[in-house]
Amino acid sequence: MTAPYLLTPGPLTTSPETKAAMLCDWGSWDDDFNRVTANVRTQLLAMAEAGSNTFACVPMQGSGTFAVESALACAVAPGGKVLVLMNGAYGQRAAQLLHTMGRRYVILDKGDYLPPQPEEVDAVLQQNPEITAVFLVHCETSSGILNPLDAIADVVHAHGKTLIVDAMSSFGGVPISLAKTPIDVLISSANKCIEGVPGFGFVIIRKALLAEGKGRAHSLSLDLHAQWEYMECTGQWRFTPPTHTVVAFQAALAQHHDEGGVQGRCARYTRNRDALVAGMRALGFSTLLEDPWLSPIITTFLSPTDPAFEFNAFYAALKARGFLIYPGKLIAVESFRIGCIGQLDAPVIETLLAAVHDALIEMGVSPCPDSWSA
Ligand SMILES: *Cc1c(COP(=O)(O)O)cnc(C)c1O
């Protein structure tokens with residue numbers, strides 16, 4: 001059986017070259033591996049357009065959440081207070097992390113699918129001068145919304161606050177420039193738009209802020225400053241690194257570069273998204289979000305109201321045809337998500353659309369737009 005396409009926000013479908021890079025074993029203390037780590041860190045700074053005098057890139061073992069936790073623990077002083085901009089699961093998770101580590105926070109909760117607006121952020125910052133930092137999820141993967149990063153960054157900067165951005169599912173696939181946009185901390189991971197495999201995340205952080213974070217962490221292993229200090233001194237990771245993941249990531253970075261960097265990747269993901277949305281709409285599905293908010297990362301579709309539609313059966317029918325989709329994460333409405341990232345292109349999306357059509361027939365849902373449009 002050939003492996004299915006992962007139409008998910010990561011782990012995602014990786015290339016044969018990336019998989020092949022994992023066929024060697026590496027010594028975690030060896031110079032050859034240390035060079036890979038150094039090279040990856042340098043390339044990530046360049047991708048973010050983050051000057052190496054001002055910013056540091058610190059990789060952190062674990063899934064993306066581990067990197068978010070270590071970044072928050074470093075960038076938020078014990079006496080600080082964070083405004084968490086929330087419109088989905090990952091904003092909620094940031095608040096949960098702050099709660100767990102005993103940091104103060106307030107939330108601006110926009111529900112499932114509305115973007116936080118710059119004016120709202122401005123108003124909250126006016127009213128709460130004790131806020132020291134703002135946390136924003138760039139692409140909120142739970143709905144697929146692309147939040148207005150640049151406009152919010154300007155507001156946060158004007159108030160002189162620290163901006164922490166969870167760019168987990170956008171970095172590498174959507175242009176972000178730390179030279180142009182005032183961001184202090186940016187977090188992402190290996191297994192999203194750079195198309196590596198899971199195993200570590202990374203934090204790009206203003207060096208001055210990193211220095212202030214010394215000794216702040218609530219956790220030994222998730223101490224970002226200690227990780228950075230050790231890496232600067234020895235070239236090594238502080239504890240066992242995910243060696244195979246790191247070398248696979250280096251291979252993935254080379255392919256990212258060959259594809260034309262962030263611009264090239266964004267163009268392919270956008271073509272995927274456009275083909276997907278147009279094709280699904282032709283089959284009668286509606287997107288949760290209006291067009292201006294659709295990211296080129298993942299799209300949420302509302303489940304048909306036809307009683308014959310059942311997500312688990314739909315999932316199984318698509319899996320049998322070689323595609324893994326993603327359940328919805330909304331509270332109010334039935335939905336499911338289809339990702340546009342990973343090693344896939346428009347012809348794969350066309351095959352998927354044919355599979356969706358067949359799955360609907362199999363379930364007895366009429367793929368006729370007028371029969372169940374909301
Ligand atoms: C994937 C993702 C994370 C991290 O999730 P993990 O399961 O810990 O890898 C965080 N934020 C966003 C927006 C994500 O898409």
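A crossing of two helices is left-handed if the near helix is turned anticlockwise from the far one by less than a right angle, and right-handed if clockwise. The exercises below concern a predicted model, in which local features need pLDDT of at least 70 and side-chain atom pairs count only at pLDDT 80 or more, while totals for chains, interfaces and linings use all residues. Residues are numbered from 1 along each chain as its sequence is written, and side-chain values use heavy atoms, with hydrogens and water left out.

**Exercise 1. Describe how helix α3 packs against helix α4.**

Step 1. Helices (H or I, at least four residues) and strands (E, at least two) are DSSP runs, numbered from the N terminus; here α3 covers residues 64–75 and α4 covers residues 89–100.

Step 2. Axes are lines fitted to C-alpha atoms, for helices over the stretch in contact, and angles run from 0 to 180 degrees between N-to-C directions. The axes of α3 and α4 come within 10 Å and cross at roughly 50°, which makes α3 oblique to α4. In this scheme, angles under 35 degrees count as roughly parallel, over 145 as roughly antiparallel, 65 to 115 as roughly perpendicular and the rest as oblique.

Step 3. The crossing of α3 and α4 is right-handed. Thr-65, Val-68, Glu-69 and Leu-72 of α3 make the contact (heavy atoms within 4.5 Å) with Arg-93, Ala-94, Leu-97 and Leu-98 of α4.

Step 4. Sorted by class, the contact of α3 with α4 has 5 nonpolar, 1 polar and 2 charged residues; Ala, Val, Leu, Ile, Met, Phe, Trp, Tyr, Cys and Pro count as nonpolar, Asp, Glu, Lys and Arg as charged, and the others, Gly among them, as polar.

**Exercise 2. Characterise the packing of α9 against α2 and against α10.**

Step 1. Helix α2 (residues 31–47) and helix α9 (residues 243–258) have axes that come within 10 Å and cross at roughly 45°, and these two helices are therefore oblique to each other. The crossing of α2 and α9 is left-handed.

Step 2. Among the residues of α2 in this contact are Phe-33, Val-36 and Val-40, and the residues of α9 include Val-246, Phe-249 and Leu-253. The contact of α2 with α9 has 9 nonpolar, 6 polar and no charged residues.

Step 3. The axes of α9 and α10 (residues 261–282) come within 7 Å and cross at roughly 80°, so α9 and α10 are roughly perpendicular to each other. Gln-255, His-256 and His-257 of α9 meet Gly-261, Val-262 and Arg-265 of α10.

**Exercise 3. Identify which residues lie around the ligand.**

Step 1. With a residue taken as near if one of its heavy atoms lies within 4 Å, the residues around the ligand include Ser-63, Gly-64, Thr-65, Tyr-90, Arg-93 and Lys-192.

Step 2. A polar contact is a pair of N or O atoms within 3.5 Å. A polar side-chain atom of Ser-63 lies 2.5 Å from an oxygen atom of the ligand, a polar backbone atom of Gly-64 is 3.1 Å from a ligand oxygen atom, and an N or O atom in the side chain of Thr-65 is 2.5 Å from an oxygen atom of the ligand.

Notes: A polar contact is a pair of N or O atoms within 3.5 Å; within protein, one must be able to donate a hydrogen and the other to accept it, and residues adjacent in sequence count only if both atoms are side-chain atoms.
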